There are 2 protein chains.
Amino acid sequence: MHDETDGPRLSRRAVLGLGGGLAAAGVVAGLGVGRATATAPGPAVASTGTGTYPFTGVHQAGIVTPAQDRLYLAAFDLTTTSRDELVELLRRWTTIAARLTQGLSAGPFGPASGPYDAPPDDTGEAADLPPAGLTITFGLGRSMFVGTPGPDGTPGEDRFGLADRLPDGLVALPHFAADDLDPARSDGDLVVQACADDPQVAVHAIRNLSRAAFGSATIRWTQLGYGRTSSTSTAQRTPRNLFGFKDGTANVKAEETDALDEHVWVPASAGWLAGGSYLVARRIRMRIETWDRTSLREQENLVGRTKGEGAPLSGGTEFTEPDFTAQGRGGAPLIAVDSHVRLAHPSSHDGARMLRRGYNFTDGNDALGRLDAGLFFVAFVRDPRTHYIPVQAALSRDDVLMEYLTHTGSGLFAVPPGVPDGSLVTGADGTPVTTADSPFVGQQLFA
Amino acid sequence: MHDETDGPRLSRRAVLGLGGGLAAAGVVAGLGVGRATATAPGPAVASTGTGTYPFTGVHQAGIVTPAQDRLYLAAFDLTTTSRDELVELLRRWTTIAARLTQGLSAGPFGPASGPYDAPPDDTGEAADLPPAGLTITFGLGRSMFVGTPGPDGTPGEDRFGLADRLPDGLVALPHFAADDLDPARSDGDLVVQACADDPQVAVHAIRNLSRAAFGSATIRWTQLGYGRTSSTSTAQRTPRNLFGFKDGTANVKAEETDALDEHVWVPASAGWLAGGSYLVARRIRMRIETWDRTSLREQENLVGRTKGEGAPLSGGTEFTEPDFTAQGRGGAPLIAVDSHVRLAHPSSHDGARMLRRGYNFTDGNDALGRLDAGLFFVAFVRDPRTHYIPVQAALSRDDVLMEYLTHTGSGLFAVPPGVPDGSLVTGADGTPVTTADSPFVGQQLFA
């Protein structure tokens, strides 16, 4: 579909910088795909829209990358049953993702160049836009390995000969108390998370990857998110969720490398998934109209933090560690026993932490005029059996905040490790190509 | 609901700048509500998120204001049948809009302050965010004046004694050829357009206005938009729609004051609507998967412009005027007779132009995995009978682009003139208040 011929090549940057001309090679040569010298701007640079993050590395980008402002995430169902076609799809996606994240168009024939009698390789709507810190992160669902069980419990089909490669942690999530899951917003064989500081850049990425999947996979569900609800770097301000509270104060941050090894990255003993992670996605609808009618006191007691500063109710400032033993009048704990901050705290879960990377969402309204809005929770964890399921089981059972929350969508995906630096083949014009001999996302799985 | 007492007042800026302290007055005093000295930054300033636009003026903001990056638009149905409650709602909305657009919280009791036993006046999720160039623009639907006709043609009910104030141009739009309208995405008694460079700021505005409407009006439908598809200032770059083409090259721009008087502003003879406008909203779904499979040549012929540069196919560059008489081989016109640029051109419509202010949208996908995406068309016109209906009638009948378009939602609203500079009452802390004696949006309608 995206032949890498010797025809004219256009990059988004070339379109930008050279007025749509064809002399793109000089611009492209400076890009960082697969090079140790790749630029890795801090959040300040990326948030101006001009930065790029390397596509290759030990881990996939889009996990510890400082959380961009916008998300577009798509889950796909495979329509092919051919293992070769699945491999070819991942190879094609790798090439396109490597290009897009470096500010190039999806293929060598951009919107401004021929051949005129074929569709352009790239759909064009991001042609004039800067890379906007785009990252693309791929994940694999349980159904890709073992199919989908029937409603009567009959086992799913191992369409691709991958059942014996199913990662231990890629379990079927149990039912949680606050679940009202819509199957049309849940699961999927594959997931692609596109994050950028411009939603048009993120949507453009998913659209072009979806287009490249034609005949092999179709979109099952998508989620657009704005207003990142977590910081993944100590350089980032703590954002607010739609309850109006700061969220993710105690998140695992990119700078905590020991904590990342302990809580986020799958260990070396895990075979093909070593260096990868698990992505947990939960679409959490908030009953914001009800929430908006509760008193400030009640809101703060439910959360366990102040609304303005985000300080624990035991005192201090935002980053003060909560003191769950502190008592107020009559010996009552200052942080209620059923408050969110206490029940979600690592001390309640054998120290388990997550790297959260969620976004706010607003998807219209229901027939009563209530906003269909909330938190699209995304977390990366080393093992969902220890780092997500027990936490959510406790929260859905005991957290008083659950009165205002309904989980309406859910997905769990194994996230392969990154494509090694320098391993992508480089085409004649210096842009990345994946061939039968070069690594691609998930290659170790098929080795 | 939002008592302006002498209690502590907090602005979003105060929260930002003063660590949640209460000494907001000094900060607030510099704000531009209702002052001739109000700051009116150019797009470069607003796009950094720090700018504000004046709320008051001859016209409402959000029309010729340089188009911000994001949109959240909500149509409301009135649930009250009391004229007094309708007036009170518009008064309350005026106060809140004046505050929010100047970077203040929705009411004096922000998320960080008491009274603790009442809900905060403001929902809080924008507390740490800059104003992001927020504008809020109000419009009034035909059904507010004359009710909604029954399916059998029985006339609607004049609930508010406003039937004789119905503006001449606020007609029921006819059925157009490409229409497949969803009533749940169409019409409404009131509309609020919130535009900002941060979607969280725009959503926060609609949420807080919706909250203030509780008991009087409920949301009927909403639309989130990103990637503005028009420029409204010559200082702005022409953006691209989801067909990958530049859009709005020939838009009416803020700098063309004569053209604004001729095509956008309702003339002085129009009574209470003088200085206002009409807002036409059309949710146009694009069949982008089909589009993506057409050749570059075909795409350019359908549009009548080149995809890269956006130049007319008759030659030149983006801003070259199309030459519809230019012929190519065999005498065929270089710009096809059924191309979009020719059929939409003012020369085909007695010179009628619109001020377009649309946005791209992506609202998930359908059961076949096709993106529910397209263009949320917004235009401001002096009279829809001369400036929109004939144009859309011709386009929906003859434009070859219509093969790729379906109109799935529609609304037409009369946009009252602005609240005059300096006319809002100022509270003890310098923040705006509308009282029974001070003007509010649409006041002339009720005079």
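I began with B:E125, whose side chain makes a polar contact with the side chain of B:T123 at 2.6 Å. By polar contact I mean a pair of N or O atoms within 3.5 Å; within protein, one must be able to donate a hydrogen and the other to accept it, and residues adjacent in sequence count only if both atoms are side-chain atoms.

A note on what I am looking at: this is a predicted model, where local features need pLDDT of at least 70 and side-chain atom pairs count only at pLDDT 80 or more, while totals for chains, interfaces and linings use all residues. Residues are numbered from 1 along each chain as its sequence is written, chains are lettered from A and ligands numbered from 1 in the order in which they are written, and side-chain values use heavy atoms, with hydrogens and water left out.

Back to B:E125: I found it buried, at 1% relative accessible area (buried is under 20%, exposed over 50%, partly exposed in between, with a 1.4 Å probe and protein chains only). Leaving out residues up to four places away in sequence, I listed what B:E125 touches (heavy atoms within 4.5 Å): A:R240, A:N241, A:L242, A:G244, B:Q200, B:H204 and B:R207.

Next I checked B:A132, which lies in the loop between helix 4 (83-101) and strand 2 (135-141) of chain B. Helices (H or I, at least four residues) and strands (E, at least two) are DSSP runs, numbered from the N terminus. B:E125 also sits in the loop between helix 4 and strand 2. The phi of B:A132 is positive, near 60°, and this is not a glycine. Buried or exposed, I wondered about B:A132? Buried, at 3% relative accessible area.

B:D350 is another non-glycine with positive phi, near 50°, but B:D350 is exposed, with a relative accessible area of 84%.
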